[in-house]
Amino acid sequence: MNEAHALPSLDALVEGVRAGNRAMLARAITLVESRKAEHRARAEDLLQRLLPFTGTAMRVGITGVPGVGKSTTIDTLGTHLTAQGHRVAVLAVDPSSSRSGGSILGDKTRMARLSMDARAFIRPSPAAGTLGGVAARTRETLLICEAAGFDIVLVETVGVGQSETAVADMTDTFLVLMLPGAGDELQGIKKGIIELADIVAVNKADGENAVRARAAAAEYRAALHVLGGREAHWSVPVLTYSGLTGAGIDDLWQQVALHRSRAQAAGSFEAKRSAQQVKWMWTLFDERLRARLRADAALRAELARIEAEVGTGRLSPALGAGRIALQLGL
């Protein structure tokens, strides 16, 4: 493949993305995922040119404990939304993918209907190795999808730990999926994740599980009442639904839409997005600093010496950090 074919002009990329051309959309995303310095410069130009066409989509983060049925839920919710005329993009934040080698997004076969839907687009996270890198690329992909005309972007957190915070920091509404059988699961709730939740939904509320799901929802409501809400204009609802049958999916989406409209009415919607943009900038800045440290052989050698001294106790972490700053001219 020659360079001209591999890298279309910026004009062609912008025009192709705006037209919803899937080939150009894929190439634009590949460009922003690249770690090559020359590609990063082109990616920044591309994003700047697409920026006026972004910001209108509904951005929804989705997380849940293993086995909760995230992929099934996204498949059902996504097809429900495309049937209503929406265009849906599904993105993933999976910092563990490069280490585990596991399938991302639970394999597209778990989203059999959505992956075949002409009004949907599914993109796994890049194997960037660090949460900051993966999250930054996912944010950029989100903007490209918005510029391509996708009016709903679902961002799934596949990894664990800080990936939930990363997804909450790039979306408008954060949906936490739970399992029926609240007794044991309630003990295992991560308080931090629940505090991020804008909506809690108990999946698998079908068949014999329906009663257990309703009981679990009641327990979660009680727990959330104790924790209290983080937004004055919003009390976190707890719903039950079935990703398998689709029962309750419409009610679930209505709560997402209501959360957005309440935030807009309260004046917090734009403020939240503005804060997310600034935080994103600092994340990218931190990433560039680390990239510079990795790129310079002399700096890497000096860092190894500093790390060795700090690790053996000959140098305090504070002084070590100061030496690194001096190496960067700070």
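An axis here is a line fitted to C-alpha atoms, for a helix over the stretch in contact, and the angle between two axes runs from 0 to 180 degrees between N-to-C directions. Keep that in mind for the helix pair I will come to. What you see above is a predicted model.

The whole chain comes before the details. It has 330 residues, and 45% of them are buried. Its secondary structure consists of 16 helices and seven strands. Take the contacts with a separation of 6 or more: 76% of these join residues 24 or more positions apart. The chain exposes about 16000 Å², with 56% of that supplied by carbon and sulfur atoms.

Now the pair. Helix α2 covers residues 10-18 and helix α3 covers residues 22-33; they pack at an angle of about 125°, and their axes are 8 Å apart. On the α2 side, the contact is made by Ala12, Leu13, Gly16 and Val17. On the α3 side, Met24, Leu25, Arg27, Ala28 and Leu31 take part. Sorted by class, that contact has seven nonpolar residues, one polar and one charged.

Pro317 lies in helix α16, residues 317-327. Is Pro317 buried or exposed? Its relative accessibility is 61%, so Pro317 counts as exposed; the cut-off is over 50%. Glu307 is 10 residues from Pro317 along the chain, and their C-alpha atoms are separated by 8.9 Å.

Terms used
Residues are numbered from 1 along each chain as its sequence is written. This is a predicted model: local features need pLDDT of at least 70, side-chain atom pairs count only at pLDDT 80 or more; totals for chains, interfaces and linings use all residues. Side-chain values use heavy atoms; hydrogens and water are left out. Helices (H or I, at least four residues) and strands (E, at least two) are DSSP runs, numbered from the N terminus. Contact means heavy atoms within 4.5 Å. Ala, Val, Leu, Ile, Met, Phe, Trp, Tyr, Cys and Pro count as nonpolar, Asp, Glu, Lys and Arg as charged, and the others, Gly among them, as polar. Buried means under 20% relative accessible area, exposed over 50%, partly exposed in between (1.4 Å probe, protein chains only). Accessible areas come from the Shrake-Rupley method with a 1.4 Å probe; for residues, only the protein chains shown count as cover.
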